[in-house]
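This briefing walks through selected features of one structure. Please look at the sequence and the 3D view before reading on.

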Amino acid sequence: MNALTAPYDEALAWLATQRPAMTELLGRLVNIDSGSYNKAGVDAVGTVLESVLDDAGIQHQRIPHERFGDCIQAHLPAHADGVGSNEYVLLMGHRDTVFPDGTVAERPFRVDGDLAYGP
């Protein structure tokens, strides 16, 4: 194992062990109607993600929005050994979909082999 690729190989190996949990989480998220104008649905997706952050011990806060889904801001602490203490990673995403309410009932999440389907 090359010293430069070792951390990446280790990360990929760990991710491979997480596939069932990641697929289960994906199913939970996809099976929530969360169209862009469905604030309750987008916030429900946020609640699921907040539970994942809680389980991982990751500090987070919800920033309310009156009309659209609330924002979620999470903070990872620096490593105890100081590694990464001066590094920042910004991950941004959205929790809304383009699908109208009721789409989940018509096309719920399903896995067929290595492919996952749903709205």
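Is Arg62 buried, exposed or partly exposed? Arg62 counts as partly exposed, because its relative accessibility is 27%; buried means under 20% relative accessible area, exposed over 50%, and partly exposed in between, with a 1.4 Å probe and protein chains only. The model is predicted, with local features needing pLDDT of at least 70 and side-chain atom pairs counting only at pLDDT 80 or more, while totals for chains, interfaces and linings use all residues. Residues are numbered from 1 along each chain as its sequence is written, and side-chain values use heavy atoms, with hydrogens and water left out.

**Salt bridges**

- Side chains of opposite charge can pair when their charged atoms come close.
- The structure holds eight salt bridges, a salt bridge being a side-chain nitrogen of Lys or Arg within 4 Å of a carboxyl oxygen of Asp or Glu.
- One of them joins Asp43 to Lys39, with the closest N and O atoms 2.8 Å apart.
- Both Asp43 and Lys39 belong to helix 3, where they sit four residues apart, about one turn of the helix; helices (H or I, at least four residues) and strands (E, at least two) are DSSP runs, numbered from the N terminus.
- Asp43 counts as buried because its relative accessibility is 12%, whereas Lys39, at 22%, counts as partly exposed.
- Asp43 also meets Arg62 in a salt bridge, at 3.7 Å from N to O.
- This pair links distant parts of the chain, with Asp43 in helix 3 and Arg62 in strand 1, 19 residues apart.
- Arg62 has a salt bridge with Glu50 too, and here the closest N and O atoms are 2.7 Å apart.
- Because Glu50 lies in helix 3 and Arg62 in strand 1, the pair ties together parts that are twelve residues apart in sequence.
- A network of salt bridges links Lys39, Asp43, Glu50, Arg62, Asp70 and Arg95.

- Helix 3, which contains Glu50, covers residues 39-55.
- Glu50 counts as buried, because its relative accessibility is 13%.
- Apart from neighbours within four places in sequence, Glu50 is in contact with His60, Arg62 and Ile72; contact means heavy atoms within 4.5 Å.

**Aromatic rings**

- A pair of aromatic rings is described by the distance of the centres and the angle of the planes.
- The structure holds one aromatic pair. Rings of Phe, Tyr and Trp (its six-membered ring) pair if their centres lie within 6.5 Å; planes under 30 degrees apart count as stacked, over 60 as edge-to-face and the rest as tilted.
- The pair is tilted, because the ring planes of Tyr37 and Phe68 are at 50°, with the centres 5.9 Å apart.
- Tyr37 lies in the loop between helix 2 (19-30) and helix 3, and Phe68 in the loop between strand 1 (59-63) and strand 2 (71-75), so that the pair links distant parts of the chain, 31 residues apart.
- Tyr37 counts as exposed at 70% relative accessibility, while Phe68 counts as partly exposed at 31%.

**Charges over rings**

- A charge sits over a ring if NZ of Lys or CZ of Arg is within 6 Å of the ring centre and within 35 degrees of the ring normal.
- Arg107 lies over the face of Phe99, at 5.0 Å from the ring centre.
- Arg110 lies over the face of Tyr117, and its distance from the ring centre is 4.3 Å.

- The loop between helix 4 (103-106) and strand 3 (110-112) contains Pro108.
- Pro108 counts as partly exposed, because its relative accessibility is 42%.
- Not counting residues up to four places away in sequence, Pro108 touches Asn31, Tyr117 and Gly118.
- Pro108 and Gly118 are ten residues apart along the chain, and their C-alpha atoms are separated by 5.4 Å.
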